[in-house]
Every structure is written in C-alpha cells, then in structure tokens.
Amino acid sequence: MKRAIGLLLTLALLGLAGCSSSHQDFSEASIADLHDQLQRGEVTAVELVDWYSERIATIDKAGPTLNAIIEINPDARRIAQSLDREWQTSGPRGPLHGIPVVLKANIDTADQMYTSAGSLALAEHVPQEDAFIVKRLRDAGAVILGKANLSEWANFRSSRSSSGWSSVGGQTRNPYDIARSPCGSSSGSAVAVAANLVAVAIGTETDGSIVCPSGINGIVGIKPTIGLVSRSGIIPIAHSQDTAGPMARSVRDAAILLTAITGVDAEDAATANAEIQQDYSANLTADGVSGKRIGVIRSYYGAGSNPYVEEIYEASIATLRAQGADVVDDIEIDTKGMNDAEYEVLLYEFKADLNAYFAASGAPVQSLADAIAFNDANAERVMPIFGQEIFLAAEEKGPLAEQAYLDALANSKRIARSGIETALDEHDLDALIAITNGPAWVIDHANGDAFSISSSSLAAVSGFPNITVPAGFAYDLPIGLSFIGRPWNEKQLIEIAYAFEQATGARRVPAL
C-alpha cells in the first residue's frame with residue numbers, strides 16, 4: 001500500500017480543513033463533559049471527530065505548527081457515525097463511547113493507518129491486526145482519531161537525538177513555547193492532549209517516555225506497573241521495562257483510559273495478574289491523600305539544579321501536608337550501578353524484541369540489521385541531524401542467554417526494586433514523590449537533547465507504577481510531580497494524585 005495522501009489532504013478529503021463542524025468549543029473538555037453532551041444530544045461523535053480534526057488542521061499543521069499528529073484516521077468519521085447510531089439504539093458502551101483517542105505511532109492498528117515508529121523504514125507498515133490495547137479501546141467505543149508523532153524508534157536510535165523528531169513526522173514542538181522541546185518519546189501524544197487536539201492519548205514508556213513529555217507539556221501521565229497493560233502489537237525497546245499508558249489533562253480522565261486498556265492478554269505473559277474489572281476512576285475524592293504517608297526523594301538526577309523547580313517542589317510538599325499527609329522528607333535511595341546495568345539490558349532486549357516484532361508483524365524490514373542498512377542507504381532523509389549509534393551498539397549484542405545480559409538484568413532490577421521497597425517499608429510509606437522534570441530545553445538539532453531534571457528511572461527499571469501530575473510553572477514552562485508506589489498499586493496512587501491535583505489546580509492552558 002502506498003502513502004497516497006498526506007495529512008492535510010486527508011483532512012481536506014474528509015471535508016474538515018477550513019470549515020467548522022460545530023459552534024461549540026471542546027477545549028479542556030473532560031471525558032465526562034463530552035459523555036454528558038453526547039448523552040443529552042448536544043453533540044455527536046461525528047461532530048467531535050470533525051472538531052478535533054479541524055483543530056489539528058488549524059493549530060497543529062498551520063498556526064504555531066506543533067506537528068504532534070502524523071496522520072488522521074480516514075475511517076474516523078465512519079466509525080463515529082456507527083457509534084452514534086449504536087448509542088441511539090442501545091445506549092453507550094461506557095464512558096469512552098464516541099470519545100476521540102490518539103495513539104502513539106508505534107502502536108499497531110490493522111486499518112488504513114501506518115505503524116511506523118516514526119521511521120521511514122516502516123512508513124508504509126500496515127500490521128495484520130490491532131494491538132491488544134487498541135482492541136480494548138475499540139471495544140470500549142473509543143474513536144481512534146489518528147497517530148501521534150514520536151521520537152523516532154522511541155528515542156532509541158542515537159545518543160544525540162532530538163526528542164520529538166522523526167524522519168516520518170519531523171519535529172514536534174512544545175505548545176508552551178514552540179522553540180522548546182516536548183520531551184520524548186511520547187511527545188506527539190503529550191502535545192496533542194496539552195493543546196486540545198484530542199481528548200486523551202496513549203503513549204509508551206521504557207524510561208521516562210510517558211512521564212517526561214507529560215510533565216513538560218503540563219498534563220497527567222500514568223506509567224503503569226509492567227504487566228498491567230499489554231505490550232502485544234507495540235513496537236518494542238525492551239520487554240523488561242516497556243509499557244503503554246494513558247496521557248490526559250486530568251487524573252480522572254487518565255484513570256478512565258487506564259481502566260479501558262488494562263487486561264489479561266494471552267500473547268503477553270506479563271499480564272497474567274492484570275485486573276480487568278478494576279475501575280481506576282471510582283471513588284476519587286479531594287481528601288484522598290489525608291492520612292497517607294508520603295516520602296520525599298531529593299536525590300533524583302539533576303536535583304537542586306533549578307531554584308524555581310525547587311520552589312515548586314517545596315510548595316507541592318506543603319500542599320500535601322496541608323491535605324493531611326504525613327510527609328517524610330529526604331528519603332535516600334542508592335541507585336549506584338543501576339543506570340549502566342539498565343542500558344546494557346536495553347541494548348540486549350532491543351535487538352531480540354525488535355527482531356521478534358518484525359517476524360510476527362510482517363513489517364517491511366525483518367531485522368535490526370535490515371533497519372540499520374535502510375538507514376545507511378537513506379541517510380540524507382533518515383539521519384540528517386543524528387545517527388544510529390544505539391542501533392549499532394545493540395546489533396553487536398548476542399542472545400538473551402548471555403551471562404552479561406543476565407547479570408545486568410538481575411542487578412538493575414535488584415537495585416531499583418530494593419531501593420523503592422526498602423524506602424516504603426522502613427518508613428511505612430504509601431508513596432514516594434519526586435519532581436518529574438525540569439523546564440523544557442531549547443530544541444537543538446546540533447547538540448541533541450539537554451535533559452536537566454529527571455526522576456523516571458527508579459520506577460522504569462523496577463517496573464513499578466509512576467504517575468505525573470502538573471505541579472506548577474517555571475517561567476511559564478510546566479513542571480510535573482511524580483508519585484511512585486508499589487507494583488499493582490495504581491488505585492491508591494491515582495487517589496493520591498487526584499487529591500493533589502484538586503488541591504493545586506496547576507494545569508494551565510497553553511496560549512496558542
């Protein structure tokens with residue numbers, strides 16, 4: 001199949017570019033807001049698809065040129081029409097019925113969209129079936145509106161990459177300052193939600209790729225426990241750390257989306273303990289942090305490097321105390337050796353997992369070696385600003401039976417898990433907190449990313465849950481607060497995060 005039309009032409013063919021489908025403005029509308037309007041007949045799913053699609057045409061591709069969306073689903077209006085008819089005849093399937101959702105472009109859909117991971121090597125890749133989580137979303141009545149741009153290959157191609165850049169989608173930009181980075185790799189998903197190009201989105205994370213773009217773009221992101229959400233049909237980096245997760249403008253919306261995509265998948269053994277029936281959006285109250293014991297991590301990467309961020313952190317701690325939390329300050333966690341071991345694991349697993357994905361999905365390239373060769377043969381288009389040093393390092397690795405891999409895996413997991421569990425146990429804590437991110441840095445294709453503050457690795461390497469919530473602004477740039485807890489304890493973390501969100505109201509709409 002050839003990519004016959006670009007995104008703007010797709011919008012024009014749908015009759016959306018330059019015309020308004022509704023006089024209403026759905027900016028900042030929650031899932032509940034949209035559901036209620038659908039219930040009252042004030043709007044239809046088709047009109048929602050039209051409104052968000054027009055906003056993408058005028059804000060994402062014209063206007064400030066955020067460049068968050070790679071493509072619009074050409075079937076979106078047809079799907080919405082069918083869901084509108086179903087609502088009229090038998091009622092809604094649930095809270096997501098008729099709600100537009102955007103997927104990161106490394107998530108398989110067996111339709112007229114492509115699953116490219118942002119790479120020209122996969123620009124015409126049409127998988128044979130939906131990813132498990134896409135099936136769950138369709139079953140819930142969600143409308144897959146389109147695919148979001150990302151850092152190419154989920155930011156695992158080059159050590160000098162620019163977050164949010166891909167050879168298919170170009171450079172995604174931060175809606176709070178388009179000269180600045182959206183962080184990666186789920187950059188398009190985060191920007192789409194932050195700029196009201198869609199109601200909610202799905203991202204993926206190996207280490208920081210949900211929480212960093214969520215924090216930097218002023219939204220909520222949930223990196224679940226490994227195994228809570230299936231990875232089947234998602235282009236991988238490393239099975240020991242990969243997960244998909246929800247990205248939304250509110251904790252409640254993220255919880256609704258998490259409920260929809262959670263489930264046991266026979267194709268992903270890690271999901272054997274996933275609780276299908278758990279409703280993560282139930283019983284959220286403003287006093288959800290009262291009586292909880294919260295530990296404060298101050299030794300994250302880049303800690304203390306920005307006084308404005310530290311001021312936001314202190315204000316967040318004060319808010320938690322005012323809400324009735326028992327705060328235990330300055331929790332020490334020794335992570336010596338974790339990052340080096342993690343990187344070794346990622347290199348080994350990337351080669352093995354990517355080759356397995358290629359074999360199962362019918363992709364145009366069949367191995368990491370093929371992808372490297374494609375990049376070399378198309379270097380002017382694929383590698384105009386950075387190379388493929390990580391690809392080359394991964395290709396040198398052997399099978400997952402090698403002792404170097406087994407030792408690195410055991411060491412990285414032991415350090416991360418024991419660090420979190422020991423802190424929680426010794427201080428009888430319900431959760432840990434840390435600043436998610438520093439202010440977004442200026443996009444710099446010559447030098448690559450300039451990360452400052454990051455706290456994602458403990459939760460990422462351990463496989464434990466991490467939720468980031470808007471906490472404040474440093475010079476008009478969003479800063480997030482991360483809540484980290486025990487595995488399979490998303491329900492309590494969400495309750496705590498929701499209470500913090502209600503007390504602070506820190507989200508601010510970008511001035512586009």
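Predicted model: local features only at pLDDT ≥ 70, side-chain atom pairs only at ≥ 80, totals over all residues.

Trainee: Which residues line the largest cavity?

Mentor: Asn 106, Ala 117, Leu 150, Trp 153, Ala 154, Ile 235, Pro 236, Ile 237 and Phe 350. By class that lining divides into 8 nonpolar, 1 polar and no charged.

Trainee: I had Ala 154 flagged for its backbone. What is its phi?

Mentor: Phi of Ala 154 is near 55°, a positive value in a residue other than glycine. Ala 154 sits in helix α6.

Trainee: Now the open spaces. What volume does the largest pocket have?

Mentor: The largest pocket comes to about 1,200 Å³. It is lined by 42 residues, and the closest to its centre are Asp 207, Glu 342, Phe 451, Ser 454 and Ser 457.

Trainee: Which elements give two or more residues to that lining?

Mentor: Those are α6 (152–155), α8 (211–216), α11 (338–361) and α16 (457–462). α11 gives the most to the lining of the largest pocket, with 6 residues.

Trainee: And how does the lining of the largest pocket split by class?

Mentor: You get 18 nonpolar, 19 polar and 5 charged residues there.

Trainee: What about the second largest pocket, how much space lies in it?

Mentor: About 750 Å³. Of the 36 residues lining the second largest pocket, Arg 231, Ser 232, Gly 233, Ile 234 and Tyr 357 are the closest to its centre.

Trainee: Which elements give two or more residues to the lining of that one?

Mentor: α5 (132–139), β6 (200–205), β8 (243–248) and α11 do. Here too α11 gives the most, with 6 residues. By class, the second largest pocket has 13 nonpolar, 11 polar and 12 charged residues in its lining.

Trainee: Switching topic: how many disulfides turn up in a search of the whole structure?

Mentor: The search finds 1 disulfide. It joins Cys 183 to Cys 212, with an S to S distance of 1.9 Å.

Trainee: Where do Cys 183 and Cys 212 lie?

Mentor: Cys 183 is in the loop between β5 (170–171) and α7 (187–194), and Cys 212 is in helix α8, so the pair ties together parts that are 29 residues apart in sequence.

Trainee: Is the disulfide right-handed or left-handed?

Mentor: The torsion about the S-S bond of Cys 183 and Cys 212 is about 105°, so the disulfide is right-handed.

Trainee: Let's finish with helix packing. At what angle do α10 and α17 pack?

Mentor: Helix α10 (residues 307–322) and helix α17 (residues 490–504) pack at about 105°, with their axes 10 Å apart. That makes α10 roughly perpendicular to α17, because angles of 65 to 115 degrees count that way.

Trainee: Which residues make the contact?

Mentor: Ser 316, Thr 319 and Leu 320 of α10, plus Phe 500, Ala 503 and Thr 504 of α17. They divide into 3 nonpolar, 3 polar and no charged.

Trainee: Last pair: how far apart are the axes of α5 and α9?

Mentor: The axes of α5 and helix α9 (residues 251–261) are 8 Å apart, and the angle is about 110°. That makes α5 roughly perpendicular to α9. Ile 133, Arg 136 and Leu 137 in α5 meet Leu 257, Thr 259, Ala 260 and Ile 261 in α9.

Notes: Residues numbered from 1 in each chain as written. Heavy atoms only, no water. 1 Å grid on protein atoms, 1.4 Å probe; cavity = no way out; pocket = protein on both sides within 12 Å on 5 of 7 lines; lining within 4 Å. Points joined across faces, edges and corners; volume = space filled by probe spheres on them. Helix = DSSP H or I, 4+ residues; strand = E, 2+ residues; numbered from the N terminus. Nonpolar A, V, L, I, M, F, W, Y, C, P; charged D, E, K, R; others polar. Axes fitted to C-alpha atoms, helices over the stretch in contact; angles between N-to-C directions. Parallel < 35°, antiparallel > 145°, perpendicular 65-115°, else oblique. Contact = heavy atoms within 4.5 Å. Disulfide = S-S within 2.5 Å.
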